[in-house]
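Open the model in a viewer and keep the selection panel at hand. The stops below follow one another.

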Amino acid sequence: MSNSTGSRYGSAVFTLPSDQEILVTRVFDAPAELVFDAWTMPDLVKRWWAGDRGKVTEAQIDLRIGGRWRWVMTANGGFEVAFSGEYREIDRPHRLVRTEVFEMFPEAEALSTLTFEEFHGLTTLRILGWYPTKDIRDAAIASGMEGGLQTSLDALEGLVRNEE
Amino acid sequence: MARTPTTTDAFSAVAEVSRRALLNALGTEEATVGDLADWLGLSQPQVSKHLAVLRAVELVSVRVDGRRRWYRVNGPALQPVFEWARNFESTWNSRLDRLDDVLVELQTKEELT
């Protein structure tokens, strides 16, 4: 498969549509159902959510309206990073809306709207995060450092390649 | 009570929408307060106020030419803002790249079964 070379690596686009929002957009060579499942099935979430920043230790998902989710990773620095929230809208494979809280700052709840748009076998994933204030939005951006500054994309490449 | 200054660094300075508009309007050009006021539809005092904030954190520099003052963007001072956003971007890229791998693998498995 051509994509096994990781041709889309690093292609997520990051924008700030308003003072209270963050939008991340990324295209995948996969049907929308599969991308949706990767966000809603614990075994799959465990395989990608930590990226190269650590290891996912917990991926609880109660996929129904009002159901809770809680994802935890142990970052490479040894500390735990936990996010959790509640599902608000579930429309497989088009749309998923959930509240989201970085447990270190529980008062700062965000609303995360994921849309999965399939066209000619490619799926565009949009993750729109809405934050109660601009300061909280900015803190969320700063927490992109959650996994520590040791990013090693080369190691990531090597790690995923040995599946083949 | 001590009041936190709103403009201690490049981050707080660009947090204000008019100041971002001002930086955008300046772009790679030099401009006077009058130019900027015209372009942005702001009053000259408003522009001056924002320029003072941007100058305080060195995002904008000024060149005095006779009675005119020419303002321009000081690019290197914006660097920390780019770095900051890039870190967030790189976390998400790292995640979504891994998701990419998972999806490829799932589809490869589907083809085999």
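pLDDT is the predictor's confidence in each residue, from 0 to 100. Colour chain A by it: the average is 81, and 82% of the residues score at least 70. The model is predicted, so local features need pLDDT of at least 70 and side-chain atom pairs count only at pLDDT 80 or more, while totals for chains, interfaces and linings use all residues. Residues are numbered from 1 along each chain as its sequence is written, with chains lettered from A and ligands numbered from 1 in the order in which they are written.

Mean pLDDT is highest in β7(A), at 96, and lowest in helix α4 (residues 153-161) of chain A, at 31.

Now select β2(A). A:I22, A:V24, A:R26 and A:F28 form its covered face, and A:E21, A:L23, A:T25 and A:V27 the uncovered one. Strand β1 (residues 13-15) of chain A pairs with β2(A) in the antiparallel sense over three bridges (pairing requires at least two DSSP bridges). A hairpin of five residues connects β1(A) to β2(A). Strand β8 (residues 122-130) of chain A also runs antiparallel to β2(A), joined by eight bridges. Centre on A:V24: A:F14 is its bridge partner, and A:I127 in β8(A) stands opposite.

Finally, select A:V35. Not counting residues up to four places away in sequence, A:V35 touches A:F28, A:A30, A:F116, A:T123, A:L125 and B:L103 (contact: C-beta atoms, placed from the backbone, within 7 Å).

Conventions
Two residues are in contact if their C-beta atoms, placed from the backbone, lie within 7 Å. Helices (H or I, at least four residues) and strands (E, at least two) are DSSP runs, numbered from the N terminus. A residue is buried if 20 or more other C-beta atoms lie within 10 Å of its own, exposed if 12 or fewer, and partly exposed in between; C-beta atoms are placed from the backbone.
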